[in-house]
Structures are given as C-alpha cells and as structure tokens.
Amino acid sequence: MVSPQKPTRDSKPPSDEVSPWALAGLGTQFFASILLFVWVGNWLDRRFDSAPLFLLGGVLLGGGGTFYLSYRQLTKPRDSNRHDRDSTPNT
C-alpha cells in the first residue's frame, strides 16, 4: 500500500499545461534546424552547381523533421502520477 506524500510549502499540483519555456525551446529548435539545413543545402548547391535543389530539400527536411518531432513532443501523454523526485524513501 502506498501512502500519500505530505504536501510541503513549495509543492505544486501536477499540471497538464506545457511550460512556456518548453515552447520557446521548441521554437528555437525549429528555427535553428531550418537555418542549419538551409545553410547545408545552399553549400551543396554551390558545390555541385545544382541550385535550388539542395536548398529546397534542406528546407523541407529541416522544417518537416523538426515539425514532426515537435508534434510528437507536444502530443505525448503526460504521466498523471508524477511525484517530485527526492531522496526520502516512501514508507
């Protein structure tokens, strides 16, 4: 039998909301990924004289891949039985 943990002064109930900082991180990741893939695509286009083939591929791969990973991150189920990790054993 698991006994409930005593609430502390700093404890907060678990929330189903996504942190604004997590969303800002996803936006930054999205921007950086597209920027990186566009840069690599542009470099490959100059190297192989195939403009804009690799540039468009970079935009689609960077944007699409990051969109997919962000979507999975935002729609994954949240653990409703989350407890703060502390060093005290539950008795």
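The exercises below work through a predicted model, in which local features need pLDDT of at least 70, side-chain atom pairs count only at pLDDT 80 or more, and totals for chains, interfaces and linings use all residues. Residues are numbered from 1 along each chain as its sequence is written, and side-chain values use heavy atoms, with hydrogens and water left out.

**Exercise 1. Determine how helices α1 and α2 are arranged relative to each other.**

Step 1. Helices here are DSSP runs of H or I with at least four residues, numbered from the N terminus; α1 covers residues 20–48, and α2 covers residues 53–75.

Step 2. The two helices pack with their axes 7 Å apart and at an angle of about 160°, where axes are lines fitted to C-alpha atoms over the stretch in contact and angles run from 0 to 180 degrees between N-to-C directions.

Step 3. Because angles over 145 degrees count as roughly antiparallel, α1 and α2 are therefore roughly antiparallel to each other.

Step 4. Glutamine 29, which lies in helix α1, is 41 residues from serine 70 in sequence, with 9.0 Å between their C-alpha atoms. Phenylalanine 31, also found in helix α1, has its C-alpha atom 8.5 Å from that of glycine 63, although 32 residues separate them along the chain.

**Exercise 2. Classify aspartate 49, phenylalanine 31, glutamine 29 and leucine 74 as buried, partly exposed or exposed.**

Step 1. The classes rest on relative accessible area with a 1.4 Å probe and protein chains only: buried means under 20%, exposed over 50%, and partly exposed in between.

Step 2. Aspartate 49 has a relative accessible area of 73% and is therefore exposed, and phenylalanine 31, at 55%, is exposed as well.

Step 3. Glutamine 29 has 39% relative accessibility, so it counts as partly exposed, and leucine 74, with 37%, is likewise partly exposed.

Methods:
Angles under 35 degrees count as roughly parallel, over 145 as roughly antiparallel, 65 to 115 as roughly perpendicular and the rest as oblique.
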